[in-house]
Amino acid sequence: MKSQATTICCLILFLATEYSHSRFHIRTKDGDKLQSPERKPKTGRIQEKCHGPCSASNCSQPCAQHFHGEIGFICNGNKWQKSTETCTSLSVETLFMDSNSASRLSVAAPSITLHILGYRTPEPIRSVAQGIQKNCPLDYACIINAVKSSEATSGNIAFIVELLKNISTDLSDNVTREKMKSYSKVANHILNPAVIPNWAFIPDKNVSSDLLQSVNWFARQLHIQNEPEHIVDELFIQTKGFPINNKTSERSLSFSMNLNNTVEGILGIIEIPRQELWKLPPNASQAVGIAFPTLGAVLKEAHLENAHLPRLVNGLVLSVILPEKLEQILFTFEKINKSQNARAQCVGWHSRKRRWDENVCETTLDTKNRVKCRCNYTNVMMSFSILMSPISVDNKVLDYITCIGLSVSILSLILCLMIEATVWSRVVMTDISYMRHVCIVNIAVSLLTANVWFILGSNFNKKAQDYNWCVAVTFFSHFFYLCLFFWMLFKALLIIYGLLVVFRRMMRSRMMAIGFAVGYGCPLVIAATTVAITVPGKGYLRRGACWLNWDDTKALLAFAIPALVIVAVNLVVVLIVAVNTQRPSIGSSKSQDVAIILRISKNVAILTPLLGLTWGFGIATLIEGTSLIFHIIFALLNAFQGFFILLFGTIMDHKIRDALRMRMSSLKGQSRVAENASLGPTYGSKLMNR
């Protein structure tokens, strides 16, 4: 009986094994998604585009053999362009396929009843946590081979990030050095520069942020021994740590990592100031630093997905895990792009808002190669780096032009107002002339006040600024610059009124009411509405400057649109004036034609600064790649606008010059009378003594 039972058991085991092998081959032929991790999955030829003409808005194609998911395409410029990809060969089952042969047997031959062999069928693995706890609870190493042998497709990248996220959530208790190494090996696989382009096709744009947050959270549970440790030394992720307490001297962590297989590494240093360490309790604490050389290239900001100018990371991404009592930390970043114009901005990654925040960092040094930052550490602000500033012209010539131009402009506007006050009674004889000089005075006052607020906003320390004060500076700058444009608009309408209406004149009081309603009422409505809409959501101010926001709320349009519309209207007015100035007559001589051309040129020259046409050059400066010469021209014309108003609006006006001469003559006459009066008694006494 024993021999028969043994024979039956062997026969059943043989049949089960043969059935398992035959079923495995059948599933492989059918293109099953589960495959052996000993081999690198063959991706085959992935469909590069959809068939047929590009008429529909989008289409999808299946993935290659051994992958499940699909590839999405959009129609762009009559060509199919790849937009998303979810092709993955990984699953919870494939991760642990080699780790549990009994599980594989139960999957391969479910129809064989194994209880007669005295063997209980194991339950299938339903989660990553269950599989790791069952197969490799001490070091998590059982998932490494399956991950490293997989193709880093967009779908597999998303799967691996979700895998790391689950581990950091469910298995982050008592994280040892071995667990951190295995965790980092998995993360390193999807941070290789060769697979960075595949991140762009992942449908979920928060995947990169999830990866950073998962690594930080897992490292938070890491336990450091009594000595400094170099825990992880992968190519694209490094981890170091050391114990600290209130008696520890100033400590630092230094990282040097290669980027794109370069010979020289990119440097990153984390320093904890001594005064911060004093805040710690006597018992031991620890500090952990993590460096990523390539993660910055894939981090997507939640609010800047469609931004015209994305903010580029220009250094390592450094994460720190510190005790809660430590608030300030110092960083040194080496620039990846070391070009002369690559200005840097120190930033911290806000894990909840999923974006870079420059308000938590201060740039203390910015050289061609390195940047030093002082940043505030919180539980939601654990990762830091440097960004390249948006494309801008970094040229000292523009700074000098702006500084000198604004100084000259302010002095010119003050002189203009003094001249207007001096000759006012002599030049406002008619209603039209009265309103003309009212416009000039208000244009000068608006520009003068706006320039003063601009200087206050530019020179105010943006890192130590008070938010409410910065809002006030921005509001008044916005308001008075709008007043400048609307008074220039009213002056243009006044010119048209003078040309078209000859016999019926509006009352002076009515014109004054309209002028002040247009010049100050409209700007007040626009500026106040902008504040009311954007300030509650913290979208009024531009980050790092006291000026209107563009990236988040497009509040800058509340200035740009009215200004450009007014410039366009005023340009039409100048053209109308030029046409009306030209009065051709039959048989006119060349000298008369030359006089007409000179008269037209003079009118255009006078009206250009008074009507703000110089601001039209600002459109050219907004175009990416614009030549430096356009920036210089724009800076020259607008920084010196106050001087041009004095020159063309006041000095070149012959009525003002005549009034000044009369005023000076009367002053000289009064001085002579006073002098004669003072000399009269002395002169008379001399005659009497003769």
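Here is a walk through this predicted model, from the whole chain down to single residues. Residues are numbered from 1 along each chain as its sequence is written, and side-chain values use heavy atoms, with hydrogens and water left out. Local features need pLDDT of at least 70 and side-chain atom pairs count only at pLDDT 80 or more, while totals for chains, interfaces and linings use all residues.

Let's begin with the whole chain. It has 19 helices and 15 strands; these are DSSP runs numbered from the N terminus, with helices being H or I of at least four residues and strands being E of at least two. Of the 690 residues, 44% are buried, where buried means under 20% relative accessible area, exposed means over 50%, and partly exposed lies in between (1.4 Å probe, protein chains only). The chain exposes about 36500 Å², and carbon and sulfur atoms supply 59% of that area; accessible areas come from the Shrake-Rupley method with a 1.4 Å probe, and for residues only the protein chains shown count as cover. Among contacts (heavy atoms within 4.5 Å) with a separation of 6 or more, 70% link residues 24 or more positions apart.

Now to the cores. A nonpolar core is a set of buried Ala, Val, Leu, Ile, Met, Phe, Trp, Tyr and Cys residues joined through side-chain atoms within 4.5 Å. The largest one has 88 residues, and Ile167, Trp199, Leu211 and Phe331 have the most contacts inside it. Helix α6 (residues 154–170) gives this core its largest share, seven residues. A second, separate core of 55 residues includes Leu541, Leu556, Val567 and Ile645.

Among the buried residues of α6 are Ile160, Val161, Leu164 and Ile167. The helix's buried residues pack against several elements, including β3 (79–85), α7 (177–189) and α8 (207–220). Leu211 is in contact with Val161 and Leu164, and also with Trp199 and Leu295, among others beyond four places in sequence.

Next come some strands. Strand β10 (residues 328–334) has five of its seven residues buried, so it is largely enclosed by the rest of the structure. Two strands pair if DSSP finds at least two bridges between them. Four bridges join β10 to the antiparallel strand β7 (residues 266–272), with Leu330 in β10 as the bridge partner of Glu271. Strand β14 (residues 370–376) also pairs with β10 in the antiparallel sense, over seven bridges, and here Thr332 stands opposite Lys372 in β14.

Finally, turn to helix α12 (residues 467–500). Because 25 of its 34 residues are buried, α12 is largely enclosed by the rest of the structure. Ser446, in helix α11 (residues 431–459), counts as buried because its relative accessibility is 1%. Ser446 is in contact with residues including Phe480, Cys483 and Tyr520. Trp547 lies in the loop between α13 (508–534) and α14 (557–581). The C-alpha atoms of Trp547 and Thr474 are 5.1 Å apart, although 73 residues separate them in sequence. Beyond four places in sequence, Trp547 touches Thr474, Ser477 and His478, as well as Leu541 and Leu556, among others.
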